[in-house]
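Student: I am new to this structure and would be grateful for a close look at a single part of it, namely the open sheet. Would you please describe how that part is arranged and what lies around it?

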Amino acid sequence: MGTASPRNIVLTGFMFTGKSSVGREVARRLGWRFIDTDDLIVEMSGKSIPEIFSQEGEASFRAIEKRALEEACAGERAVISTGGGVVLDRGSRALMVRNGVVVCLDARPETIYSRLHAAAKAGPAAVRPLLSGPDPLGRIRSLKESRQPFYAEAHWSVHTDALTPGEAAGEVVRAWEMLRWRLSSAVEAAPASADGQAAIVTTSTQSYPVFVGWGILGQLGERMKEAGLRGRAFLVADAGVWPHYQQKVLESLKSGGFAPECYQVPAGEGSKSLAAAQRLYSWLAVRRAERG
Ligand code: S3P
């Protein structure tokens, strides 16, 4: 059994939906590695993609592509941008879903065509052997339609037509933050995971992990950062417990780049009341606390 939650973000989608530029930006925002499987293929084969297609054929390209994907998915904390045809292989689809949150970037055929056109003017990097025939727009339409059921297997989709790469990257990060814990439900009953994840709490609107372990409090800031959180952090603590851990928690959060504030709930049974909950919610409301 793997780790308790998805370890990577995998971007799928048709050619010219922005997987590479968006992926690079997502990796930058999360502080992760960026891997482009097309680049890996070139590296592994020592040939350009058009050369592989023309000299060895598509089947050979797909075989190299599968190996490149396996290599990319073997690590963690990577944003992996895949080639548009990677979804054709059933095993590759299963591999992606097992190893990451899979986000499909989509765009209308006309948008794809105009991006292809613009890129072609910029240089030879735009060459896509599968679109090089006489009617590229017709080819985009038919190829995309035939692949649509496979793209639909992604956990999430982002329509990029009207988005800048930065905006699309924001949507991908949002999908990651929202889905990473929900998708771990499949391994909820797994034996204790190496990172100390003990349970997943699923509510009607979101899910979150619970970590249990000796001496892991000092990792709080780092783990929250890894989860894609940032900015302010609101802590709710028992007033009898807080003084003992205050220093460690605040230091950890600050070193993770968070701005922490703590609400202390008076110790004891008296705090288990609606009035106490109301005081807490008012405290959060005044601070305009929301899920970051
Ligand atoms: C392909 C997409 C290309 C590249 C190759 C084949 C496809 O990658 O892998 O030309 O079959 O859709 P991009 O999707 O990054 O353009």
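**The open sheet and its surroundings**

Tutor: The sheet is open and consists of 5 strands in the order β2-β3-β1-β4-β5, with parallel pairing. At its edges are β2, residues 33-36, and β5, residues 156-159, each of which pairs on one side only. From one strand to the next, the twist averages 20°. The model described here is a predicted one.

Strand β1 covers residues 8-12 and runs parallel to strand β3, residues 78-81, with 3 bridges joining the two. Ile 9 has Val 79 in β3 as its bridge partner. Helix α2, made of residues 37-45, packs on the sheet and touches β2 and β3. The direction of α2 makes about 65° with that of β2.

Most residues other than glycine have a negative phi. Phe 16, in the loop between β1 and α1 (19-30), has a positive phi near 60° and is not a glycine. Phe 16 counts as buried because its relative accessibility is 14%, and the limit for a buried residue is under 20%. In the loop between α4 (58-73) and β3 lies Arg 77, which has a positive phi of about 50° although it, too, is not a glycine. Arg 77 has a relative accessible area of 31%, and therefore is partly exposed.

The sheet may now be placed in the setting of the chain. The protein chain has 11 helices and 9 strands in its secondary structure, and its C-alpha trace spans about 75 × 40 × 30 Å along the principal axes. Of the 292 residues in the protein chain, 40% are buried. When contacts between residues at least 6 apart in sequence are considered, 73% join residues at least 24 apart. The accessible surface of the protein chain comes to about 15700 Å², and 55% of this surface belongs to carbon and sulfur atoms.

Leu 217, Val 241 and Tyr 245 make a nonpolar surface patch of about 250 Å². Val 241 is found in the loop between β8 (232-238) and α10 (242-255), and Val 241 counts as partly exposed because its relative accessibility is 39%.

Notes. Residues are numbered from 1 along each chain as its sequence is written. This is a predicted model: local features need pLDDT of at least 70, side-chain atom pairs count only at pLDDT 80 or more; totals for chains, interfaces and linings use all residues. Side-chain values use heavy atoms; hydrogens and water are left out. Two strands pair if DSSP finds at least two bridges between them. Helices (H or I, at least four residues) and strands (E, at least two) are DSSP runs, numbered from the N terminus. Axes are lines fitted to C-alpha atoms, for helices over the stretch in contact, and angles run from 0 to 180 degrees between N-to-C directions. Contact means heavy atoms within 4.5 Å. Patches are made of residues with over 30% relative accessible area and no salt bridge: like charges are joined within 9 Å, nonpolar side chains (Val, Leu, Ile, Met, Phe, Trp, Tyr) within 5 Å. Accessible areas come from the Shrake-Rupley method with a 1.4 Å probe; for residues, only the protein chains shown count as cover. A salt bridge is a side-chain nitrogen of Lys or Arg within 4 Å of a carboxyl oxygen of Asp or Glu. Buried means under 20% relative accessible area, exposed over 50%, partly exposed in between (1.4 Å probe, protein chains only).
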